[in-house]
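Here is a short briefing to read alongside the structure. Keep the viewer open, and turn to each element as it comes up.

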Amino acid sequence: MRSLIPFSILAASAFSSAFVLPSDPAVFSASSEAGVQRLIQISPTETRWATEEQKLELKRQGVNFMDITDHQMLGMQNAVTRSEMGIMKTVEFPEKVMFEDTIKPLLKNLNKDNMKANLEKFTSFYTRYYKSEHGRESSEWLLKRINETADGFADLKLAPFPHHWQQSSIIARIPGKTEKTVVIGAHQDSINLFLPSLLGAPGADDDGSGTVTILEAFRVLVEHLKKTGEKLEQTVEFHWYSAEEGGLLGSQAVFSSYEKQARDVVAMLQQDMTGFVEKTLKAGKPESVGVITDYVDPGLTEFIKKVITEYCDIPYTLTECGYACSDHASASKAGYPSAFVIESKFEDSDDHIHTTEDKIEFLSFDHMLQHAKLTLSLAYELGASNKWSGKGGDEL
Ligand SMILES: [Zn+2]
């Protein structure tokens, strides 16, 4: 996630020194990383070159971007396919929730203590910076923990998704009757924006909270499928992305690979920061789930609102976070419907992030539990729906 400094300040700082627009980035790539130019996208229509230091400065100023250097064609293939077929890409989501009888008893199995224990371990890594050995170690621990959590579930396909930096993304795939895929995402990396290679970054809220939230929903879903032998209609995947803080690098690599394989992703929900409510409560506002309304798929977002209303004990509040504010932007750019949910209104979200102070002590596990309820409910509702099985649903 980003911090809360307006874009206008950026103009006076990050790009005030002469900004180089190289005609051939390879010239720059030959030098040490400090001088390497990366291509970044800061709005749907605006790209620039920036060094790693300039990227950090942008983040310190609260400006989000995608570092598109490695995946400049993301979304092109799907766009061409759609235009050749003469269709606008729309996925129709269910009109209403359908599976209360199955889901409501399962929600009782979600357990705050598991999230707490997982987050205590996850934040004990000095940093989870994606270009560090600590980041590699935290990812290896997470992979092991997911495997233990699945507890021998035979259908599960669990694998790291390696990158050209130390920390891998992780994908846990629960095959359904069809290849249509529902993706539940969070990012596993953390960053200290002052000196990422040197200073600690516990990343409790950003995005340790999302990581353990979706892991707990995954645990209960898998337990249910194991116990009942049920096979879902859709394939459901849980993704833990690396390098969100580098400009959505891990998620772009994953969705670029999915696009090349012509994978049919019907929905993607990202959760980045699910545990901080202090500012909301201090302002006298009701504790709520923050549903992001900008740069998201409206149909999926509408369905998520219905899921929160039905299955969570707190209401939702509508809010915005700007372009490329988390990994759902990579799915969206690839042409897949995506949505984003956060702990509160964006302006009331945790401002300890990206520092040594992003600690568990500021977080509410009761609030995280509400996000776990949303996650499990959405995964089951869309996973079990026959909306896309030819019985009345529109194709992607
Ligand atoms: Zn984040």
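Directly after helix α8, Gly229 adopts a positive phi of about 75 degrees. The model you are looking at is predicted, and its mean pLDDT over the chain is 91.

**Helix α8**

- Helix α8 spans residues 204–228, and 19 of its 25 residues are buried, so the helix is mostly covered.
- From first C-alpha to last, α8 reaches 34 Å, close to the 36 Å expected at 1.5 Å a residue.
- Have a look at the peptide bond from Asp206 to Asp207, which is cis, with omega near -10 degrees; Asp207 lies in helix α8.
- Together with β6 and β7, helix α8 makes a right-handed β-α-β unit.

- Strand β7 covers residues 235–241, and seven of its seven residues are buried.
- In a regular strand, side chains alternate between the two faces of the sheet.
- Which residues of β7 are buried on each side? Thr235, Glu237, His239 and Tyr241 are on one side, with Val236, Phe238 and Trp240 on the other, and both faces are covered.
- Strands of a sheet can pair in parallel or antiparallel fashion, through backbone hydrogen bonds.
- Strand β7 has a parallel pairing with β6 (residues 181–187), made over seven bridges; here His187 has Tyr241 as its bridge partner.
- The pairing of β7 with β5 (residues 169–174) is antiparallel and has five bridges; in it, Ile170 stands opposite Trp240.

- Leu142 belongs to helix α7, which runs over residues 133–150.
- Why does Leu142 count as buried? The reason is its 24 C-beta neighbours inside 10 Å, where 20 or more are needed.
- Setting aside neighbours within four places in sequence, Leu142 is in contact with Ile170, Gln188 and Trp240.
- Leu142 and Thr211 are 69 residues apart in sequence, and their C-alpha atoms are 9.2 Å apart in space.

**The three-stranded sheet**

- Strands β2, β1 and β3 form an open sheet in the order β2-β1-β3, with antiparallel pairing.
- The edge strands are β2 (46–50) and β3 (66–67), each of which pairs on one side only.
- Strand β1 (residues 38–43) pairs with β3 over two bridges, and Gln41 has Met66 as its bridge partner in β3.
- Helix α3 (residues 52–60) lies across β1, β2 and β3, and it runs at about 125 degrees to β2.

**Positive phi away from glycine**

- Tyr295 is not a glycine, yet it has a positive phi of about 60 degrees. Its place is the loop between β9 (289–292) and α11 (298–311).
- Is Tyr295 buried or exposed? Tyr295 is buried, because 21 other C-beta atoms lie within 10 Å.
- His354 is likewise not a glycine and has a positive phi of about 70 degrees. You will find His354 in the loop between β11 (338–342) and α13 (365–384).
- His354 counts as buried because it has 23 C-beta neighbours inside 10 Å.

**The chain as a whole**

- The chain has 13 helices and eleven strands.
- Of the 396 residues in the chain, 50% are buried.
- Among contacts with a separation of 6 or more, 82% are between residues 24 or more positions apart.

**Confidence**

- A pLDDT of 70 or more is reached by 89% of the residues.
- Over residues 4–31 the pLDDT stays under 50, and the model has 32 contacts beyond four places in sequence for this stretch.
- Residues 391–396 also have a pLDDT below 50, with ten contacts in the model beyond near neighbours in sequence.

Technical notes
Residues numbered from 1 in each chain as written. Predicted model: local features only at pLDDT ≥ 70, side-chain atom pairs only at ≥ 80, totals over all residues. Pairing = 2+ DSSP bridges. Helix = DSSP H or I, 4+ residues; strand = E, 2+ residues; numbered from the N terminus. Contact = placed C-beta atoms within 7 Å. Axes fitted to C-alpha atoms, helices over the stretch in contact; angles between N-to-C directions. Buried ≥ 20, exposed ≤ 12 C-beta atoms within 10 Å, placed from the backbone. Right-handed = clockwise from strand over helix to strand, strands pointing away. Expected span 1.5 Å × (residues − 1). pLDDT = per-residue confidence, 0-100.
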